[in-house]
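Here is a walk through the packing of a protein model, from aromatic rings to sheets and helices. Have the viewer open as you read.

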Amino acid sequence: MAAVQRITTRNARFQQWQSLLTNRNKRQRAGEFLVQGVRPITLAVEHGWPLRAVLYDSGRVLSRWARDLLGSTRAECIAMAPELLAELGEKEQAAPEVVAVVEMPEDDLDRITVDQGFLGVLFDRPTSPGNLGSIIRSADAFGADGLIVTGHAADVYDPKCVRAGTGSLFALPTVRVPSQREVVAWLDGKRAQGHPVAVVGMDEHGEADVFDFDLTRPVLLLVGNETSGLSAAWRELCDHTLSIPMTGSASSLNAANAATAVLYEAARQRIAAGRAMG
């Protein structure tokens, strides 16, 4: 373990880390964000995300997991007063054992691999970090290759999103882009390379039920804003639109639930096709 520093007061460094919890601009300028919890930190390390600092509770005997992390990391190790670490861990009672300061990757669409089995998700202008994190978790669970977030949107590095994703952010390439323009150029490039990705929008008035559509082909699933749905610009770019049949009194599903349902159906179709071929 590198030489340990100690922080016992709300000094400038503590205030900088504290600002990462709530200030998106400061996260972006610093190029780093906070990660709380054993599973997310473990997945960040396993997937090679650079840790800039590991902050740990100076007032307790650490678990084997925490000792191993501190012993193996090249990041700066900071022994922090429990009450300060509790603030960074956003826990009202006990302080977390460890909080990690993690470096952000570049927002580069080429982080997402496109091949003949491509399954991607695009979430346009999400407003809820929790919804965004839930979709990241579902996309990871059902075998998606990546997630794209477009427009003025909730931040994937907001602590609420990172927690809702339970570490899937570190396993699933997740890229933020300003508009559909960047996505269209990226898709055109992939199609020119021989990957005919179909752009499929989710809409309650879709042209087909999700169960009747072939989701084994290369697909980019579009999820619209929680309130207004797909924008007119995205709707025009769709090759197909799909709806989820519902029989109850609810008129629609939460965006994260709807995305999860379609991702599950895509995974089901792909597993069934694989078994049929086998």
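## The aromatic cluster

Phe33, Trp49, Tyr157 and Phe170 are linked into a cluster by ring pairs. The model is predicted, so a word on ground rules: local features need pLDDT of at least 70, side-chain atom pairs count only at pLDDT 80 or more, and totals for chains, interfaces and linings use all residues. Residues are numbered from 1 along each chain as its sequence is written, and side-chain values use heavy atoms, with hydrogens and water left out.

Searching the whole structure turns up 6 aromatic pairs. One of them is Phe33 with Tyr157, a tilted pair at 4.7 Å centre to centre and 45 degrees between the planes. Rings of Phe, Tyr and Trp (its six-membered ring) pair if their centres lie within 6.5 Å; planes under 30 degrees apart count as stacked, over 60 as edge-to-face and the rest as tilted. Phe33 sits in strand S2 (residues 32-36) and Tyr157 in the loop between strand S7 (146-150) and helix H7 (159-164), so this pair ties together parts that are 124 residues apart in sequence. Helices (H or I, at least four residues) and strands (E, at least two) are DSSP runs, numbered from the N terminus.

Phe33 also pairs with Phe170, and here the rings are stacked: 6.2 Å centre to centre, 10 degrees between the planes. Phe170 belongs to the loop between H7 and strand S8 (174-177), so its pair with Phe33 in S2 ties together parts 137 residues apart in sequence. For the record, buried means under 20% relative accessible area, exposed over 50%, and partly exposed in between (1.4 Å probe, protein chains only).

Two strands pair if DSSP finds at least two bridges between them.

Axes are lines fitted to C-alpha atoms, for helices over the stretch in contact, and angles run from 0 to 180 degrees between N-to-C directions. Contact means heavy atoms within 4.5 Å.

H1 (residues 12-22) has a helix partner too: its axis and that of helix H5 (residues 82-89) come within 9 Å and cross at roughly 25 degrees. That makes H1 and H5 roughly parallel to each other. The contact uses Phe14, Trp17, Gln18 and Leu21 from H1, and Leu84, Glu87 and Leu88 from H5. These residues split into 5 nonpolar, 1 polar and 1 charged.

## The parallel sheet around S11

Another open sheet has 7 strands in the order S8-S7-S6-S11-S9-S12-S10, with parallel pairing. S8 and strand S10 (208-209) are the edge strands, each pairing on one side only.

How many residues of strand S11 (residues 219-223) are buried? The count is 5 of 5. Val219, Leu221 and Val223 point one way, while Leu220 and Leu222 point the other way. S11 runs parallel to strand S6 (residues 119-124), with 5 bridges joining them: Leu119 has Val219 as its bridge partner, and Phe123 stands opposite Val223. S11 also pairs with strand S9 (residues 198-202) in the parallel sense over 4 bridges, and Val199 stands opposite Leu220.

## Helix H6 and its partner

H6 lies across S6, S7, S8 and S11, running at about 175 degrees to S6. Helix H6 (residues 129-141) packs with helix H10 (residues 255-277) at an angle of about 10 degrees, their axes 9 Å apart. H6 and H10 are therefore roughly parallel to each other. Their contact divides into 6 nonpolar, 4 polar and no charged residues.

Conventions
Parallel < 35°, antiparallel > 145°, perpendicular 65-115°, else oblique. Nonpolar A, V, L, I, M, F, W, Y, C, P; charged D, E, K, R; others polar.
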